Amino acid sequence: MKSTPLSLIAGAVALAAVTGFAALNAPGEAGTPVAKAASRLPVERSSLLCPSPGGSDLAETTYTSFTPAGAGDGEAGTAELKPAVPVAADDEDAKDDAKDDAKDKKDGKKVKTASDKPVLSLKEPGKPVTADTSASDAPALIGTATGRQAPGWAAQQTTAVSAGSARGLLGVSCGAPDTDFWFPGASTAEKRQDYIHLTNPDDDAAVADIELYGPEGSLTSDVGDGITVPPRSSVALLLSTLTGDAVDDVTVHVTTREGRVGAAVKVAEEEAGSDWLTASADPTGTLVMPGIPADATSVRLVAFAPGEDDADVKVQLLGKNAPFSPAGNDTLHIKSRMTASVDLKDVTRGEPGSLRLSPVAGKATPVVAALRVVRGSGDKQEIAYIPATEPVGGRAGVADNRAKSSVLSLTAPGATAKVKVTASAGSEGGEQTVKTYTVKGGTTLDVTPGEPSGLKGSYALTVETESGGPVHAARTLTISKGGVKTFTVQTLPNDGGTVDVPTVTQDLSVLED
């Protein structure tokens, strides 16, 4: 007689909840039952990385952490954001010290690092917590959530800079570590100061490669390969120092040959302000960039085809009432491994909109894309970036919404859809509110979220698709200062709070020899 311990089954379920994948094979001869059916369960662990907001003595940064109420079960768990160790890209001594600390930690030796004390700890699901800093050298943050705090965990970093070349409102949703990122919309031009920030959450060094592509193809670079990011540390590199070519529109490709990193590009543009450029959705044939503000004065599309084939895509604005193609820019030809761009000007013309790229005909060629969006003009203009994003799916969220300052954009590129939007309790008081919206297929709906009753502090938004086709979403946060509408846009891809877990369909406790 052979038996399969129940702990094997439990272990498979736990593995799936933590890693997003599990397979269950019972030991024995051919024909042994295999669990094939799957159900979706909440994840038990989540990781988020926030890039360093530092670099200006005039910066004021707010961190916000939030997990939706009722998203998980089991142990209470924790959700903490801790400082990473900042390391200059050319500081080999600091890199060696970070590696030595990581080795000592693995060997069981007590090591005191900058990561010992949390900057922010979430107390309970359903209510955001915040922390502020004005330090010019504020580090990147490494975050981990477990138990009931993990499913749908979101963290937001919002920085206001009142003056200088980096002035503006810089917002970024802290992202999960990965091994592959695409950033169309970066630049190595003289008027731009674009830094790629890499953060390593693990106890072993990560090694990253950075490739740059302009309108004529790959840009020459001798220093973009084999960049070491020490354990639990962050590195920032000025893109223009990686190549001798000054190019307005650049696509950045970050991959890791060892380990994993978080990655984001911090953009500062003379006379136009600054913001974060986050990664585009993975290369695919159809892309959606939601949430172009109705009062946008300039919209620039940057796209890239990473494969061997050129791409021809239809360019459509999903407007308030129907989709339409911008005059003179209804299609875009994207040569293989060359960055393409087009100025769409004030394409929204006073109405909310989202941009969709889809194949002109025949085979869908994978592409990545992002938008550079301008509001205002002259010395009162301000920029933000909207990368192509995945649909909301079952649930997505964004933290750090403020009274009368947030606009939620919902777009249904296919069939009409119904979504539920929950405004959480406030960080300092108030009770959540829930509203339901119907988004007509092929259109964009801008809504001012129903704020929590009795709101004090900031709140989080959670969007859930209830029926119909896919929905893409973005949040615009606007804070007016000195007559300038400083703003930032964050997209809302699915939060990855649940995973498929094998369901045992046969009793495996007793198997015949």
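Colleague: Hi! How many helices and strands does the protein have?

Modeller: Hello! The secondary structure comes to two helices and 39 strands. This is a predicted model, by the way.

Colleague: Thanks. And what share of the residues is buried?

Modeller: Buried residues make up 52% of the 513 residues. As for contacts between residues at least 6 apart in sequence, 82% of them join residues at least 24 apart.

Colleague: Let's go to β18. Is that strand mostly covered or mostly open?

Modeller: Mostly covered: eight of the eight residues in β18 are buried. G262, A264, K266 and A268 point one way, while A263, V265, V267 and E269 point the other way.

Colleague: Which strands pair with β18?

Modeller: Strand β12, residues 192-199, pairs with β18 in the antiparallel sense over eight bridges. Strand β19 is joined to β18 by five bridges, and those two also run antiparallel.

Colleague: Which residues are the bridge partners of K266?

Modeller: In β12, Y195 is a bridge partner of K266. In β19, the bridge partner of K266 is W276. Further along β18, A268 stands opposite S274 of β19.

Colleague: Is β19 enclosed or open?

Modeller: Strand β19, residues 273-277, is largely enclosed by the rest of the structure, because five of its five residues are buried.

Colleague: What about the hairpin between β18 and β19, how many residues lie between the strands?

Modeller: Three residues lie between the strands, and E271 in that hairpin takes a positive phi near 70°.

Colleague: Where else do you see a positive phi in a residue other than glycine?

Modeller: R337 has a phi near 60°, and K345 has one near 55°. R337 is in the loop between β24 and β25, whereas K345 is in strand β25.

Colleague: Are those two buried or exposed?

Modeller: R337 is partly exposed, with a relative accessible area of 32%. K345 is exposed, at 54%.

Colleague: Changing topic to cysteines: how many disulfides are there?

Modeller: A search of the whole structure finds one disulfide. C50 and C174 form it, with their sulfur atoms 2.0 Å apart.

Colleague: What parts does the pair tie together?

Modeller: C50 lies in strand β2 and C174 in the loop between β10 and β11, so the pair ties together parts that are 124 residues apart in sequence. Both C50 and C174 are buried.

Colleague: Is the disulfide right-handed or left-handed?

Modeller: Right-handed, because the torsion about the S-S bond is about 105°.

Colleague: Now H253, where does it sit?

Modeller: H253 lies in strand β17, residues 250-258. H253 is buried, with a relative accessible area of 9%.

Colleague: What does its side chain make a polar contact with?

Modeller: The side chain of H253 makes a polar contact with the side chain of D180, at 2.7 Å. Leaving aside neighbours within four places in sequence, H253 is in contact with residues including D180, W182, D209 and Y213.

Colleague: And the largest nonpolar core, which residues touch the most other members?

Modeller: That core has 31 residues, and F183, I196, L198, I210 and V252 touch the most other members. Strand β13 gives the largest share of this core, four residues. V252 touches residues including F181, F183, I210 and L239, not counting residues up to four places away in sequence.

Colleague: What about a second core, how many residues?

Modeller: A second, separate core has 30 residues, including V313, V342, L344 and V347.

Colleague: Last one: what is the strand order in the open sheet of four strands?

Modeller: The order is β29-β36-β31-β33, with antiparallel pairing. The edge strands are β29 and β33, each pairing on one side only. Neighbouring strands of this sheet are turned by 25° against each other on average, direction ignored.

Colleague: How many bridges pair β31 with β33?

Modeller: Seven bridges, in the antiparallel sense. K418, for one, stands opposite T438 in β33.

Note on methods. Residues numbered from 1 in each chain as written. Predicted model: local features only at pLDDT ≥ 70, side-chain atom pairs only at ≥ 80, totals over all residues. Heavy atoms only, no water. Buried < 20%, exposed > 50% of the residue type's maximum accessible area, 1.4 Å probe, protein only. Pairing = 2+ DSSP bridges. Axes fitted to C-alpha atoms, helices over the stretch in contact; angles between N-to-C directions. Polar contact = N/O pair within 3.5 Å; in protein donor to acceptor, adjacent residues only side chain to side chain. Contact = heavy atoms within 4.5 Å. Disulfide = S-S within 2.5 Å. Core = buried A, V, L, I, M, F, W, Y, C linked by side-chain atoms within 4.5 Å.
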